[in-house]
Amino acid sequence: MGGSPLMAWLRSLGAERLSAILAARPDSARAPEPRTIGELADRLQRTSSAVHALYRLPLPALQAAQALVTLPRPAPRKALEELLGAERPDDLAPALDALAEQALAWPDADGALHTAAALRGMWEAPLGLGPEVRQLLTSMSSEELRKIAHALGLKPGARKQERLDAVVEHHSDPDRILALIDSAPPRVRALLEEEPEDVVDASDWALTERWLTERALLVRSYGSVCVPAEATRALRGPGWHAPFDPEPPLPALLALTAAEVEREAAAAATAFAGRAATVLAECAERPPAALKSGGIGARELARIGKAAGCEATVVRLVLECSYATGLLAYEGSSLLITEDYDEWAAAEPSHRFTVLLRTWWRLGHTPSGSRDAEGKALPAVTRTPPRPGCLAARQALLSAAASLPTGHGAGDPAELGPLVPWFRPFAGELPEDSTPFATLIREAGTLGVLARGALTPLGAALLSEDPAALRAHAGRLLPEAVGTARFGADLTAVVTGTPTARLAALLDRVADREAHSAASVWRFGPASLRRALDHGDTAERIEAGLREVADGPLPQPLSYLIKDTARGHGRVRLAPAACVIHGEDTALLAEIAVHRKLSGLGLRRLAPTVLLCRTALPAALAALRAEGYAPVAETDDGAIGVERAEPPRAAAGHLPRPRRAPDPATFPGLAARLLAAPDRGPVPDPENGVPFDSDTEEILAGYTTALTLTDIRQLAHAIHEDEPLTIEYVAASGERTVRTISGLGLGFDVGFDPPYLTAYCHLREDDRVFALSRIQAVQPA
């Protein structure tokens, strides 16, 4: 694939340019960094890498790439400019720079442009031209070529190659082809001008096919006939140019000041940070239950949204980002907080926000998407494989906003949607969007990345991949957490801004949260205070804790309520026996003994102050509280039991850790080492010290998540040798099956999904497609 020109070009770059290419085309996290220029060149030319590099190209670069593969190799830059109709050489420079950054096209010492072999196989008919005449005629016999040459009036030699070269040379002149077509019957000319670039059924050309095929203006190919590229070019005429759009479209603009943009971004980011803290606090208190088929369903999303006071789309966004960050993890059928959550919750709002925002920027899907192509509701946090098109759409949206003139935003943020395909033609759009990329635009506004159709400093830091700038802007725009509350005589506590984790935990323990917005409101009541007392608090500790965080003295009504609730708390005590209910208030115990709704407890009065209960202590305690009593449980030594329970957490061994992309800070050093290293090393592409045997192995290693290197090699061998294999597979429904498959192959669907496995499934007796990430184990058939 022309490794020498590519290596020579890589060596000609300085460390800064080479570092930019490494940043644009980072290797998979499972593969170590390249050790030589030759190894880097090999990786840059692989098909899987080229496919994913296309997702990062803007429209002009993609148009230039498609035009390049139709030109002779290497292609003179002047020929490319003429084909695209570039009015100025500068119009083409950004597109060529983008291709060079992805190592899809590069210049040699003479300025001629080379292209990666993988890129040349991306289009069946680039620019609608189809195969060239040499490619179509190569498989013909010498006698068939003699007949074509004779029909064209040529006198080639007796050898097949001479006859082929003569026909190719004839068709290389557009004037000759046009003159030939002018001499054709009228029907021939009409049909060629109608559909010159399509592969059509031979029956449509019954009357004229013989005349055309005799002159190689139509060539049979696998039961159909197609027009050679030379004939199509000639029919388009000398003034035809390939599509080329060097400038993006411009939406209606709205003049904005930097202060206006920052003010709105700060409000959005602050609100999201507060909502995220509330959503995760609710998940800590009541972990969401997963559906049997996997993911968090609409009912649980609605419950969390109601408790946190935010929309289901925001809940989805928080849960997806938190799961990808590692703040949440599945344990059995529940989504639980992890140990990392405690550190996150104790941090400042700016840090909490930055963690989730950076995760959103790298997500391989659009987290708030809620409908599939058929309009059916989708669960959240389903652990689906990443879709490069969604990541490309996110990058394109911010690039589109960054392209607007300084001091302006889009008059309607929705108008940024049509710009996305210019910046990333393979950007993935959700089927539920009524306008282009509406869900993504709404997410960006919720996170403060876009404000009034303009890119905010937060979005600019994401786009430039500058973590330090992102932290600085977040620290400047988001206020610090508030550690005090204002208590009112109406038994409320109001916190203006984002409360600290300590303040939120205290108020959540002794009061019920009523409002979540720029100001959070808690309301005290007997039930909320009894809850705190049940967890082991005392009236004295509750008052002391509230005074510490109060912005002024505690109102008397609140102090009276705390003391009154504590006075009635624990008047009835439950002792384990199976169990015993006792207390000093004989009238109260007599009332409990004859309470009709408590008859199921099996109560028997042993003494005026003692009741025997045949129901176990936890159930009896819950039954009494349900009827409005305020009992407490005792330990074996007669002390009041403390019921505080730590929220359930996922075990460390169950935490799925996403593969981390290489740190951009390491690329300059890597570039310097590559330039100082020899062209080739002794061993290519090691995986944990062991070399990959094929590109298939490296592709499988990049997308399988549960397979060992031995399993990967066994699967690659089955693909190469067409051997059957038995796999353990988890379907999208969550069903785990063992299947024997045969006829294995790797599929690539540009613009949609990662590589997938195609095979005949003997269990289902049908051809099936398998997601690589869902294959759990492999063994011989």
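Helices are runs of at least four residues that DSSP labels H or I, numbered from the N terminus. With that in hand, let's look at some views of this predicted model.

View 1. Of its 781 residues, 48% are buried. The chain exposes about 36,300 Å², and carbon and sulfur atoms supply 52% of that area. Now take the contacts between residues at least 6 apart in sequence: 64% of them join residues at least 24 apart.

**View 2. T354 sits in helix α20.** This helix covers residues 349-362. Is T354 buried or exposed? T354 counts as buried because its relative accessibility is 8%, and buried means under 20%. Which residues does T354 touch, leaving out those up to four places away in sequence? They are L470, R471 and A474.

**View 3. The side chain of T354 meets the backbone of S350.** Look for a polar atom of the T354 side chain: the backbone oxygen of S350 lies 2.7 Å from it.

**View 4. C310 is in no disulfide.** A disulfide is a covalent bond between the sulfur atoms of two cysteines. How many disulfides are counted here? The count comes to 0. For C310, the nearest cysteine sulfur belongs to C283 and is 10.0 Å away, while the cut-off for a disulfide is within 2.5 Å. C310 counts as buried because its relative accessibility is 13%.

**View 5. C761 is a buried cysteine.** Its relative accessibility is 0%, so C761 counts as buried.

Terms used. Residues are numbered from 1 along each chain as its sequence is written. This is a predicted model: local features need pLDDT of at least 70, side-chain atom pairs count only at pLDDT 80 or more; totals for chains, interfaces and linings use all residues. Side-chain values use heavy atoms; hydrogens and water are left out. Buried means under 20% relative accessible area, exposed over 50%, partly exposed in between (1.4 Å probe, protein chains only). Contact means heavy atoms within 4.5 Å. Accessible areas come from the Shrake-Rupley method with a 1.4 Å probe; for residues, only the protein chains shown count as cover. Helices (H or I, at least four residues) and strands (E, at least two) are DSSP runs, numbered from the N terminus. A polar contact is a pair of N or O atoms within 3.5 Å; within protein, one must be able to donate a hydrogen and the other to accept it, and residues adjacent in sequence count only if both atoms are side-chain atoms.
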